[in-house]
Amino acid sequence: MTASQETPVPRADGDTTTTAEDAAEREVRAAVEAGLPSAIADLSQLVRIPSVSWSAFDPANVRRSAEAVAGLLGDTGMFESVEVKQAPIGDGDTLGQPAVLATRAARNGRPTVLLYAHHDVQPEGDEANWDTPPFEPTVRGDRLYGRGAADDKAGVMSHVATVRALKDVFGDDLDLGLAVFIEGEEEFGSRSFATFLEQNTEALAADAIIVADSDNVDVNTPALTVSLRGNVTFKLTVSTLEHASHSGMYGGAAPDAMLAAVKLLATLHADDGSVAVDGLTSYDAAAEPPAFDEEELAHDAGFLPGVTSIGKGPILSRMWSQPTITVTGIDAPSVANASNTLLPSVSVRISSRVAPSQPAREAYEALERHLRAHAPFGAHLTIEDVDLGDPFLVDTAGWAATEAKRAMTDAWGKEAVETGIGGSIPFIADLVREFPEAQILVTGVEDPDTRAHSPNESLHLGVFKRAVLAEALLLARLNARTGS
């Protein structure tokens with residue numbers, strides 16, 4: 001049965017009269033339910049491919065993952081074109097990782113929707129920290145465990161499952177335009193993203209863009225992400241000596257680089273852990289963030305007994321609207337190999353999250369000024385490998401956001417919540433620049449227990465089902481919408 005065949009559907013008030021939209025939505029729900037087992041099976045197959053996009057890992061796995069995704073999209077029979085494509089990184093000759101682009105043109109004045117996700121994953125880290133092998137998908141209870149099971153191969157499969165449901169319901173009568181862009185290097189900085197957009201602008205142009213790479217409030221409450229912090233990352237090297245020297249002979253007079261680095265890094269925060277860099281601003285949201293107490297934070301973040309939170313203000317404001325600075329890595333001799341010497345130089349990786357209202361370049365300049373002004377003992381500083389990503393604020397007044405929240409509420413049985421996210425999706429700034437008229441919706445399949453990027457990453461299968469249903473309902477309704 002197709003959506004064009006109207007069948008009486010019992011309503012809450014007992015009335016069996018129905019519209020084509022009512023019938024279609026009943027069919028959408030049934031199609032999503034029927035397609036769930038195969039979607040989870042296909043997701044498991046994708047998880048088995050270790051598609052780590054970082055330069056130190058085998059790119060053949062990313063290629064294999066892209067081809068698998070292209071096969072899944074092609075098998076739906078809904079697209080006029082499905083390709084695995086690569087674009088150069090910037091103006092150079094080096095190509096980025098393989099991405100997948102699938103398109104079908106809109107008909108009869110219907111809008112076009114671009115569906116985005118990424119098929120590459122973070123490295124697994126120390127496998128000893130995993131309860132099950134990271135690339136062997138394992139279901140325990142209501143969760144599927146594995147690297148990429150949530151971030152973001154579940155996002156990929158939410159799009160695939162949605163398209164399958166639309167095929168089952170509408171068949172060849174679907175008028176909605178679709179473009180699907182499944183990136184292959186989001187976890188490695190989306191280095192060829194901007195070039196890919198420039199080279200494929202016509203194919204990717206859309207009235208609305210769904211970015212399926214975010215979080216939900218919990219396993220029962222859907223969220224539309226309306227703000228994202230930006231990011232600034234760089235390598236900082238602190239140098240004080242031309243060469244290593246005996247710590248017993250020269251210690252106490254010659255400044256070693258570790259001492260200088262520790263003192264410098266300590267200036268980045270106030271005693272309460274809040275950022276202490278002039279020029280890094282906070283975002284003053286129009287509404288107060290939802291209540292979120294210390295106990296919830298401690299549970300979700302895994303505090304050890306006795307550990308307290310840092311910063312000031314409402315907890316969600318600290319995580320959504322305020323800047324942060326984190327030292328995410330350090331190059332120094334290991335404890336096992338430490339000798340009694342004064343270190344001549346120490347390198348650290350600094351990651352700063354930027355408030356939604358501040359350009360990343362401005363935040364970087366504030367950080368650089370601070371570091372150079374506070375370098376102790378005349379230490380020499382070198383800053384390199386700078387990576388910037390601008391923040392994002394959603395315009396929630398548009399029709400796409402309204403329809404998305406309605407679809408989420410209907411699919412989850414609970415009203416959708418507008419949330420901020422402390423993490424960053426820097427490429428959204430590229431989407432805004434390339435498609436300024438498009439409405440961008442940031443959705444996702446994750447929840448507070450997902451542990452994306454960490455050992456034992458997992459997907460809640462109930463969340464996955466509801467996320468697919470919400471997207472399918474949204475696109476089915478947009479199929480009945482004329483124009484933008």
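# Exercises on a predicted protein chain

The protein chain holds 13 helices and 18 strands, where helices (H or I, at least four residues) and strands (E, at least two) are DSSP runs numbered from the N terminus. This is a predicted model, in which local features need pLDDT of at least 70, side-chain atom pairs count only at pLDDT 80 or more, and totals for chains, interfaces and linings use all residues. Residues are numbered from 1 along each chain as its sequence is written, and side-chain values use heavy atoms, with hydrogens and water left out.

## Exercise 1: Overall form

Determine whether the radius of gyration of the protein chain agrees with that of a compact globule, and state what share of its residues is buried.

*Solution.* 
1. The radius of gyration is taken over C-alpha atoms, and the globule rule is 2.2 Å times the number of residues to the power 0.38.
2. For 484 residues, a compact globule would have a radius near 23 Å; the protein chain has 24 Å, which agrees.
3. Along the principal axes, the C-alpha atoms fill a box of roughly 90 × 45 × 45 Å.
4. Buried means under 20% relative accessible area, exposed means over 50%, and partly exposed lies in between (1.4 Å probe, protein chains only). Of the 484 residues, 50% are buried.

## Exercise 2: Backbone exceptions

*Solution.* 
1. Most residues other than glycine have a negative phi, and most peptide bonds are trans.
2. D152 belongs to the loop between β5 (143-145) and α3 (153-170).
3. S190, although not a glycine, has a positive phi of about 50°. S190 counts as buried because its relative accessible area is 12%.
4. F377 is likewise not a glycine and has a positive phi of about 60°. With a relative accessible area of 48%, F377 is partly exposed.

## Exercise 3: Salt bridges

State how many salt bridges are counted, then examine the pairs K465 with E33, R107 with D175 and R143 with D447.

*Solution.* 
1. A salt bridge is a side-chain nitrogen of Lys or Arg within 4 Å of a carboxyl oxygen of Asp or Glu. By this rule the count is 15.
2. In the salt bridge between K465 and E33, the closest N and O atoms are 2.5 Å apart. The pair links distant parts of the chain, since K465 is in helix α13 (residues 461-478) and E33 in helix α1 (residues 20-47), 432 residues apart. K465 is partly exposed, with a relative accessible area of 28%, and E33 is partly exposed at 41%.
3. R107 and D175 form a salt bridge whose closest N and O atoms are 3.2 Å apart. R107 lies in the loop between β2 (99-104) and β3 (112-118) and D175 in the loop between α3 and β6, so the pair ties together parts 68 residues apart in sequence. R107 is partly exposed at 34% relative accessibility, whereas D175 is buried at 11%.
4. The side chains of R143 and D447 meet at 2.8 Å, N to O. R143 lies in strand β5 and D447 in the loop between β17 (439-446) and β18 (458-460), so this pair ties together parts 304 residues apart in sequence. Both R143 and D447 are buried.
5. Salt bridges that share partners join E25, D410 and R477 into one network.

## Exercise 4: A charged surface patch

*Solution.*
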